[in-house]
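Please take a moment with the sequence and the model before reading on. The paragraphs below are meant to be followed with both in view.

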Amino acid sequence: MAAQSQPHPLHSLTRTLKASPASLKLLRKPSRLIVAAYPNPRPNLGGRKLRVAVIGGGPAGSSAAESLARGGVETFLFERSPAAAKPCGGAIPLCMLDEFDIPSHLVDRKVTHMKIISPSNLTVDFGKTLKPHEFISMLRREVLDSYLRSRAESNGAVSIKALVTRLEVPSSPHAPYLVHYTVDNSAQKPLAVDCVVGADGANSKVAKSIHAGNYACAIAFQERIRLPDHKMEYYNNLAEMYVGNDVSPDFYAWVFPKCDHVAVGTGTLRSKQDIKLLQSGIRARVLPKIEGGKVIKVEAHPIPEHPRPTRVRGRVALVGDAAGYVTKCSGEGIYFAAKSGRMCGEAIVRASEGGDRMIGEEDLKREYLKEWDAKYINTFRFLDLLQKVFYGSNAAREALVELCGDEYVQRMTFESYLYKNLATGNPWEDLKMLSGTIGSLVRCNLVGRQMEVFNQSVLAKVV
């Protein structure tokens, strides 16, 4: 679905005021309305268009560039390695297909069955409440990213295959930012722009240039494994998630099906130095299902664990992984990257009145950051809480898997995930779910202690 053109802010405000006779007094004071809509009016650019550099050509950068170019802003999209593929499970929610007009031929698998496996190998079928038209899309990042970049270019964004080495921040309010970059190891070139969108990932140079602050990063490690046909058939319509200290002390491991292979990977924040050992753990758990497969690609990448302390400074805005928009518990980042890029691009178009006026920090905070936080900050906080409760120990993970067997829990989970809104539940069912959660934690903590005693006794006999 193409992004809709945004009406001038005064249009919707005027319609609202006209709805009430009491508003007629306010309509007699248009200067106050203008101040409310544009607290600090920006100067006209004198016939030229606002120039924006978008650093990074993943879903966040491409979506930002598309919105900017379509809205009349002169847009430059920098991507160092267009053919590179980020290590990523590659699952996207159903709503993203329509909202971002993703063609069905880009989707490798439409998964309707998911299993979640506990440390003790308790297995729950997670997906019993999916409706006939609902599924989880599995795709390869290199395919999605290439498509979104091409669409941004078709809307007028200038794509530059280059390594951005430095962002020079101006000392005066309206002076240009200088983007220094190299093409094929050539001499550095500068590009002067009015505004910058940082979409350059967890190790963002843009974020460092504006002193946006640090955040904790997890590490994701993934192997793409091509399986024999009879074993690939098992994963034809199935994704698996594994939890346990053997595969990750604070996250989960996955087996996600793609076009002709499965992605087998894990992630961790606390034991990054042990990532290969953890990858061996997930391979051991799934060995009978992947035995005889051939590793065709090995990938590793940092993943942010929470939003950066600063996401807007001056005329620079951060989106996607650079801003820290990856959810806890689920580890989802593709949708939020694309959504933040689009929201940021549309915010710049609105604030600059279609690229005709300069913008400032307050515009980005009002039009982009405030809108993003109002829409999604509670989702991030809720998933952060879930991760703290359920990913801290094997006992808690057993409780998580046990809870996932409840159909109400499944329905609430999928409604929230597939449509990117915290689902509204039934108060009585919510109370039962809370009671069940407490009961599972109590039972599984007892089970967890018994398992630890058993494991220690087995180990003592072996030694």
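Predicted model: local features only at pLDDT ≥ 70, side-chain atom pairs only at ≥ 80, totals over all residues.

Residues are numbered from 1 along each chain as its sequence is written, and side-chain values use heavy atoms, with hydrogens and water left out.

Rolling a probe the size of a water molecule over the atoms shows where empty space is left. A cavity is here a set of points, on a 1 Å grid over the protein atoms alone, where a 1.4 Å probe fits but cannot get out, and its lining residues have an atom within 4 Å of a point; grid points are joined across faces, edges and corners, and the volume is the space filled by probe spheres set on them. The count comes to 1 cavity of 30 Å³ or more, and the largest cavity has a volume of about 30 Å³. Its lining is made up of K86, C88, L139, R140, R141, E142, Q222, R224, K258 and E299, and the elements that give two or more residues to this lining are α6 (141–154) and β13 (217–226), helices (H or I, at least four residues) and strands (E, at least two) being DSSP runs numbered from the N terminus. By class, the lining has 2 nonpolar, 1 polar and 7 charged residues, where Ala, Val, Leu, Ile, Met, Phe, Trp, Tyr, Cys and Pro count as nonpolar, Asp, Glu, Lys and Arg as charged, and the others, Gly among them, as polar.

Among these lining residues are R224 and E299, whose side chains meet in a salt bridge at 3.1 Å, N to O, the term requiring a side-chain nitrogen of Lys or Arg within 4 Å of a carboxyl oxygen of Asp or Glu. Because R224 lies in strand β13 and E299 in strand β17 (residues 294–304), the pair ties together parts that are 75 residues apart in sequence. R224 is buried, with a relative accessible area of 6%, and E299, at 4%, also counts as buried (buried means under 20% relative accessible area, exposed over 50%, partly exposed in between, with a 1.4 Å probe and protein chains only).

R140, another residue of the lining, forms a salt bridge with D108, the closest N and O atoms being 2.9 Å apart. D108 is buried at 17%, while R140 is partly exposed at 22%. The structure holds 25 salt bridges, and R350, D363, R366 and E367 are linked in a network of them.

How values were computed. 1 Å grid on protein atoms, 1.4 Å probe; cavity = no way out; pocket = protein on both sides within 12 Å on 5 of 7 lines; lining within 4 Å.
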